[in-house]
Amino acid sequence: MRNRIVSRMGAMAIAIAVACLTVVPAPGQVSKASPKPYSPPRLPDGHPDLQGTYDVATLTPVERAIGSKAVLTPEDAARLEKDVAALKDKNNEAIKGDRPAPPKGGDGSVGPAGNVGGYNTFWLDPGSKYNVVDGQIRASIVVDPPDGRVPPVTAAARQRMAALRARPTSDALESRDPGLEPPGSYDDPERRPLGERCLLGFASTSGPPALPDYFYNNLHQIVQTKDAVMILTEMVHDARIVRMNAQHLPKTIRRWMGDSVGRWEGDTLVVDTTNFNDKTRFRGSTENLHVVERFSRVDARTLLYRFTIEDPDTWDRPWTGEYAWPLTDEPIFEYACHEANYAMGNILRGARLRENEEAAKSKK
Amino acid sequence: MSKRSEYSMKTMTAAAVAAAVLTMAAVPVAAQTPAYRAPRAPDGKPDLNGIWQALNEANYDIEAHVARPAMAVRPGPYGPVPAASVLALGAAGAVPPGLGVVEGGEIPYKPEALAKKKENQQHWLEADPEIKCYLPGVPRANYMPYPFQILQSPSAFVIVYEYAGAVRNVFLTDPGPPPVDSWMGQSVGHWEKDTFVVDVKGMSDQTWFDRAGNFHSDALHVVERYTRTSPDVISYEATIEDPNVFTRPWKMSMPLYRRQEKNAMLLDFKCPEFVEELIYGQWRKKPLSK
């Protein structure tokens, strides 16, 4: 499956790059000005009602190609979306239950075992549309720096990350190409990505910052009470409870999704998160990561999600991203990840089996 | 979110006036305890928001029981002793006694199901889903020794459990039959006067009621009743129905207490991490010494 995904992602990246070359200059800079003021529905306490279930699947990547425009033209977006839809159809062929085992030693495609097959696209839900914010079809979620790229990490951070190379981070994908990861990656469960361990969704789905995973399980549900706002992430059923108008926990209490406290700034819910543990490590950051999220209703069916990332030990400057969360009528279904985690045991057993085979071979 | 909450000032005002009148007119009646009136949510329903926890021995054994030396035992020369696998825990691994939460004292098992329960209990260490950090199901989630938080708004009702980060979204509009079984089931809630009634269906047969092997099949149907009976207590009842396992429906009941700490909140208990050594340790490149 991984190879198929990788090749699909590759195709998408090329498509995006092509689009970026041909993109027509968009109307002006990324603007926060709204053409007409929108008054959201309100709760009895007067604050906007942000509740509902949101589907954040999108084709807009976190970063965009170097030198490309921030906004896609409707024509380019339509063409790219059509290509993605065609690819999805192509990869949606039913999996044959009576298909033979893959050839021993691999079928010639990437990876030591080759492509053994996996999900068809029926199981995947990577998004089919680019994200629209302020009427602009966005080419990246990152909007600051204006080039739509996460700033380079500091030299010290690069050194730190190199030392921890095989340590997974919260933004890691479910897996890279099986069998091709750096030495040691299959030695222990602790070396596997957090998503594979069912500790957090992969690709920072739960966040913060909550990012699209471009794969499946794209829903978030928000429930608001007087003292708390809950943000439930479908992936790994992670409920982050934001305590309103509260103080942060003492620094000794570290959490997987950090400690989130909230406040209202006008009609915007501002959530401030610190106290991350040293295992989340979003994009290689330290436990001093500081995330500020801003949630606001921009129309009857859309929430705007904006986040700013700060960690002086990792980046020289803060950076900001934003994307729209459309409401959905779909309910969240239980994602019992750990309960059905056959993969972890099989990955480790597979690695031991391979080592034993290699050891036997070298003895001969 | 299709429906917006409506806040009726009129209702609230009327209620306030009624309450004021009652207060003025109320004459203490010795023989009668007036029913507790819970604080109201903005929509006029009793407010169940908060952090709650059971304070009992139900997670060890929902039936009435005396103390036992351990959750896993083996025959000793003069009666049961802790099984070798849990011996090192000493008194910390013993089962505290409890009067039970099952109304009537005993669960009405069918004979073959009772045999299965005993077998479960014997193989507790291998078979209890809690050992492997699996989602606890309903009603067990409510009386595990961890707090849980109710988030109630006019348009939503969600219960978040500290244990394993389990979550229940209680639908306020019936979405129809559950599409497939799940660990926590499908919950649909409605108000009957001041009681929040939750109908839970679609649970798999993988969860248990406690550490004593009490179990159910995938035909389990639970009806829960949440009633606030004092500022810091929810009276909780669960009616259990499972014709595959029990001869008749039966009921458990217990108080749920509000956590009193000013800074009470749910913390992380992401236990999949804590059972990796148990489940996967044997496949480490260098397994740890036993």
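1. A word on terms first: a residue counts as buried if 20 or more other C-beta atoms lie within 10 Å of its own, exposed if 12 or fewer, and partly exposed in between, with C-beta atoms placed from the backbone. This is a predicted model, in which local features need pLDDT of at least 70 and side-chain atom pairs count only at pLDDT 80 or more, while totals for chains, interfaces and linings use all residues. Residues are numbered from 1 along each chain as its sequence is written, and chains are lettered from A and ligands numbered from 1 in the order in which they are written.

2. Helices here are DSSP runs (H or I, at least four residues), as strands are (E, at least two), numbered from the N terminus. The exposed residues Pro74(A), Glu75(A), Lys82(A), Ala85(A), Ala86(A), Asp89(A) and Lys90(A) sit on the face of H2(A) turned away from its buried side. Buried in H2(A) are Asp76(A), Ala77(A), Leu80(A) and Val84(A). Seen down the helix axis, these buried residues fall within an arc of 100 degrees (taken from the directions from the axis to the C-beta atoms), so they line one face of H2(A).

3. Now the two chains together. Two residues are in contact if their C-beta atoms, placed from the backbone, lie within 7 Å. Chain A brings 38 residues to the contact and chain B 36 residues. On the side of chain A that touches chain B, the largest share, five residues, comes from H4(A).

4. On to the cores, each a set of buried Ala, Val, Leu, Ile, Met, Phe, Trp, Tyr and Cys residues joined through C-beta atoms within 7 Å. The largest nonpolar core has 99 residues, and Met230(A), Val158(B), Val160(B), Ala166(B) and Met254(B) have the most contacts inside it. Strand S5 (residues 156–161) of chain B gives the most to this core, with six residues. Leaving aside neighbours within four places in sequence, Val158(B) is in contact with residues including Val223(A), Met230(A) and Leu232(A). Another core, of ten residues, lies apart from the largest one and has Val84(A) among its members.

5. Last, chain B itself. Chain B has four helices and eleven strands, and 36% of its 290 residues count as buried. An automatic or database domain assignment divides chain B into domain 1 (50–63 + 102–277) and domain 2 (65–98). The C-alpha centres of these two domains of chain B lie 25 Å apart, and the contact takes nine residues from domain 1 and nine residues from domain 2.
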